[in-house]
Amino acid sequence: MFRKKLRKQSKQSMKEAKRELKAAAQQETMMIEKAVRDAAEPGALPSGVQEKEAFFMEQVATGEALFAQGAAYHVPAAIAFFKALKVYPAPVELVMIYQKAVPKEVFDLIMKLVTRDAAVNSAGASSQSSGLDQVDDKVSNDKNNKEGGSESADQSSPEKKPEVQSQEEKLSRAENNAETSAEKPGNTQSQEAKSEQSSKANTDKEAEKA
């Protein structure tokens, strides 16, 4: 009876944990959707240079203060960083800074916001949305390059075979040269014998004439 009771309690706790995770995921999706649509509303973001700068500093400070309070504040922190990204003139550079400065969980949420913003504003083709499209493409390309780095290294290794063959050819040529050089002393000896015979014949002819 005691074991059955423990099993029943564990099953109930697992079901409750799944419900909480599902509810948290739904809440996260709703917050991301709302943040993206609110940022797309006319007048939601400042238009002047000084106003943009002040808004940017305010949102970055808010995001830093929020994610420092724990995981429960990661989504609001990511939304604040996303708003700062919307007014920054070089969004790709700012995303690279985010990637190094904020926790991975917060950065992943920022990228979810960027991806959703690109999908919502794809028909609108504004300068800000096109900049965030470039951010999404940049991060995707970086991931693909990291994944493909190991494959390219593996594919480059078979290319070393021609070098081995060329070295073998060099060794065979060296051996052939050594054999030919070893044959040369015999040739020189035969030439010397021929010269001695010719000189002897000349002396014999001179002796007959005398």
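Predicted model: local features only at pLDDT ≥ 70, side-chain atom pairs only at ≥ 80, totals over all residues.
The largest nonpolar core comprises 29 residues. Phe81, Tyr98, Val102, Ile110 and Leu113 have the most contacts inside this core. At least two core residues are supplied by each of helix 1 (2–40), helix 2 (49–67), helix 3 (74–87), helix 4 and helix 5. Helix 3 provides the largest share, with 9 residues. In soluble globular proteins, nonpolar side chains tend to be buried together.

Tyr98 lies in helix 4, which spans residues 91–101. The relative accessible area of Tyr98 is 4%; because buried means under 20%, Tyr98 counts as buried. Beyond its neighbours within four places in sequence, Tyr98 contacts Val60, Phe81, Ala84, Leu85, Phe107 and Ile110. One of these partners, Leu85, is 13 residues from Tyr98 along the chain, and the two C-alpha atoms are 9.7 Å apart.

Phe81 is in contact with Tyr98 and also with Val60, Gly63, Glu64, Phe67, Val102, Val106 and Ile110, when residues up to four places away in sequence are not counted.

Helix 5 covers residues 104–120 and contains 17 residues. From its first C-alpha to its last, helix 5 reaches 24 Å, close to the 24 Å expected at 1.5 Å a residue. The buried residues of helix 5 are Val106, Phe107, Leu109, Ile110, Met111, Leu113, Val114, Asp117 and Ala118.

Key
Residues numbered from 1 in each chain as written. Heavy atoms only, no water. Helix = DSSP H or I, 4+ residues; strand = E, 2+ residues; numbered from the N terminus. Buried < 20%, exposed > 50% of the residue type's maximum accessible area, 1.4 Å probe, protein only. Contact = heavy atoms within 4.5 Å. Expected span 1.5 Å × (residues − 1). Core = buried A, V, L, I, M, F, W, Y, C linked by side-chain atoms within 4.5 Å.
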